[in-house]
Amino acid sequence: MLKKGARFVPFLLLFAGLILFITLLMQPLSVIKFRNEISVLFPKGIIALEERNLLLVIQAIMLLVILPVYVFTFIFSWKYSAQNPKSDAKYDPDLVDSYLAEFFWWGIPIALTIIVAVLTWIKTYELDPYKPIVSDKKTQTIQVVALQWKWLFIYPEENIATVNFVQFPEKVPIHFEITADAPMNSFWIPHLGGQIYAMPKMKTELHLIADEAGEFPGSSANMSGEGFSGMRFIAKASSEEEYHKWVETAKKSSNELNFKGYNELAKPSQNNPVEIYQLKDNDLFNQVLMKFMPKEKGK
């Protein structure tokens, strides 16, 4: 009965190898076809580029273990198959004590794991989101408030604010100061870098830069309730000249935003259109932070 079943081993190996080949072939083809949707693999900023490269290097190191496992699985399955007429393989009960075998299936994976750990530690320090980006251009600060279910962007130096749209000059470091006036969320522009959490009563930071002009989709990377799926925005990187023209136009907006108006804006709503405001309260971001802080007695 065993020998009868063994006749199917070569066919099973052939089928498994074919599936593996098709899978490996489909991956680069799918990347080429859907490159516009796979923003993590096609970055537009130095931070996202470094993160992508780290991802690819770690995957390449992992394949040094995974690929030999697949290859030797097929080799040993055929070598020890009862249907292999040329097989001279014999059962060796002492193989378990082979130092050479132990070195391969324990030593190499441990060494690669150490390499991955050290590399990740170094890059984690280099790509610290709180670490400013070195540039000959002045860093621009943009404050971000995660609401239900929309994003508010505050430009304290330009005295403007926007909803679900943020614009900045290309090749200029951007310092995002981030908080939330809603359940915990996560701010993410995949083309430019990794996500960072937005939490009430706390200010997190994120430094990004766009290496080229373009419109990049941004989103919430943390489920936050009913309107989560529509909590998206556009991050537009433009030339400095175009950016300054946009700022001058935004300053002429008929909409005005102060803390009283903000409280109305902060009420839950879904699929909000882009809105632009004149900022009438330069301390708005700090007021959002402080509204959750415990007040001293007598005040």
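Is Trp 106 buried or exposed? Trp 106 is exposed, because its relative accessible area is 54%, where exposed stands for over 50%, buried for under 20% and partly exposed for what lies in between, calculated with a 1.4 Å probe and the protein chains only. The model is a predicted one, in which local features need pLDDT of at least 70 and side-chain atom pairs count only at pLDDT 80 or more, while totals for chains, interfaces and linings use all residues. Residues are numbered from 1 along each chain as its sequence is written, and side-chain values use heavy atoms, with hydrogens and water left out.

## Overall picture

The protein has 7 helices and 12 strands, which are DSSP runs numbered from the N terminus, with at least four residues (H or I) for a helix and at least two (E) for a strand. Of its 299 residues, 36% count as buried. The protein exposes about 18,600 Å², and carbon and sulfur atoms supply 64% of that area; accessible areas come from the Shrake-Rupley method with a 1.4 Å probe, and for residues only the protein chains shown count as cover. Among contacts between residues at least 6 apart in sequence, 71% join residues that are at least 24 apart, a contact being heavy atoms within 4.5 Å.

Trp 106 has its place in helix H4, which covers residues 99–126. Together with Trp 105, Ile 110, Ile 114, Val 118, Trp 121 and Ile 122, Trp 106 forms a nonpolar patch on the surface, and these residues have about 800 Å² of accessible area together. Patches are made of residues with over 30% relative accessible area and no salt bridge, where like charges are joined within 9 Å and nonpolar side chains (Val, Leu, Ile, Met, Phe, Trp, Tyr) within 5 Å.

S9 and S10, by contrast, pair in the antiparallel sense over 6 bridges, and Lys 236 in S10 is the bridge partner of Glu 215. Strand S10 is largely enclosed by the rest of the structure, because 5 of its 7 residues are buried.

Strand S6 (residues 185–188) pairs with S9 (residues 214–220) in the antiparallel sense over 2 bridges, and Phe 187 stands opposite Ser 220 in S9. Ser 186, which has its place in S6, counts as buried at 1% relative accessibility. Leaving aside residues up to four places away in sequence, the residues that Ser 186 touches include Trp 151, Tyr 197 and Ser 219.

The other open sheet has 7 strands in the order S8-S5-S1-S2-S3-S12-S11, again with mixed pairing. S8 (204–208) and S11 (256–257) stand at its edges with a single partner strand each, so one side of each is left without a neighbour in the sheet. In this sheet, S3 (residues 160–163) and S12 (residues 275–279) pair in the antiparallel sense over 4 bridges, and Ala 161 stands opposite Tyr 277 in S12.

## Salt bridges

A search of the whole structure finds 10 salt bridges, a salt bridge being a side-chain nitrogen of Lys or Arg within 4 Å of a carboxyl oxygen of Asp or Glu. The table lists some of them.

| Pair | Closest N and O atoms |
|---|---|
| Glu 126 and Lys 123 | 3.1 Å |
| Lys 203 and Glu 177 | 3.8 Å |
| Lys 236 and Glu 242 | 3.0 Å |

Glu 126 and Lys 123 both lie in helix H4, 3 residues apart, about one turn of the helix. Glu 126 is partly exposed at 39% relative accessibility, whereas Lys 123 is buried at 18%.

Key: Pairing = 2+ DSSP bridges.
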